[in-house]
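Open the model in your viewer and get the selection tool ready. We'll go stop by stop, picking something and then looking at what is there.

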Amino acid sequence: MWPGWKVLDDLLRLVNDAGALQSRLVLILGGDDRRRGDLLARAAAHFGTQSLPLGIDFARRISAVARRQRPLQASSLLRDSVDAAFPGVSPALLDRTEILFDRTLQFHALVELKRLAHSRTVVAAWPGQLRDQRLIYAPANHPEHCDHPAAGFLVHHIS
């Protein structure tokens with residue numbers, strides 16, 4: 001028996017709860033990439049879909065755009081990527097989200113995820129951490145560092 005059934009049940013409960021919120025965003029924090037990816041894959045199986053590795057799909061779309069045009073098209077290409085992978089009402093399950101922190105995109109990953117979550121439930125792996133009610137990605141001296149208040153979304157923490 002898989003030891004993470006309770007973790008999956010807790011995530012599914014949060015996905016259900018998110019449906020009542022204005023921004024239906026659930027972030028998976030903690031663990032490593034493999035654990036977050038495994039949890040997303042199991043949630044996807046529950047919903048009869050697959051998780052979307054943004055590091056592959058969105059990266060392919062954005063790399064086809066001229067570098068100086070990327071900031072102008074990044075938001076719409078992200079939405080296109082998610083809409084193509086999840087055309088129905090099932091939640092969008094996003095894995096390998098590190099690409100969203102690429103400085104050349106010139107947008108804030110959390111803001112973009114919240115925008116996506118206004119029209120559908122979005123469950124995304126967050127490669128950073130939650131510290132002192134702040135959502136952090138990368139150390140303060142890192143060029144991709146971001147620091148946001150932990151508000152307007154649900155958090156599912158795994159170890």
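Helices (H or I, at least four residues) and strands (E, at least two) are DSSP runs here, numbered from the N terminus. Residue numbers start from 1 along each chain as its sequence is written. The model is predicted, so local features need pLDDT of at least 70 and side-chain atom pairs count only at pLDDT 80 or more, while totals for chains, interfaces and linings use all residues, and side-chain values use heavy atoms, with hydrogens and water left out.

**Stop one: a loop**

Select aspartate 132, in the loop between β5 (129-131) and β6 (134-137). Its phi is near 55°, a positive value in a residue other than glycine. Glutamine 133 isn't a glycine either, yet has a positive phi of about 60°. Most residues other than glycine have a negative phi.

**Stop two: a strand**

Next, pick valine 123 in strand β4 (residues 122-125). Valine 123 has a relative accessible area of 0%, so it is buried. What does valine 123 touch? Leaving out residues up to four places away in sequence, its contacts (heavy atoms within 4.5 Å) are Leu11, Val15, Val26, Ile28, Leu40, Ala92, Leu93 and Leu94.

**Stop three: the core**

A nonpolar core is a set of buried Ala, Val, Leu, Ile, Met, Phe, Trp, Tyr and Cys residues joined through side-chain atoms within 4.5 Å. The largest one has 50 residues, and Leu27, Phe58, Leu94, Leu100, Leu113 and Trp126 have the most contacts inside it. Helix α1 (residues 5-18) gives the most to this core, with 6 residues.

**Stop four: two helices**

Zoom in on phenylalanine 58: among the residues it touches, beyond four places away in sequence, are Ala74, Leu77, Leu78 and Ser81. Finish by showing helix α3 (residues 54-63) with helix α4 (residues 70-85), whose axes come within 9 Å and cross at roughly 135°. Axes are lines fitted to C-alpha atoms, for helices over the stretch in contact, and angles run from 0 to 180 degrees between N-to-C directions. On the α3 side, the contact includes Leu54, Asp57 and Phe58.

Definitions and conventions:
Buried means under 20% relative accessible area, exposed over 50%, partly exposed in between (1.4 Å probe, protein chains only).
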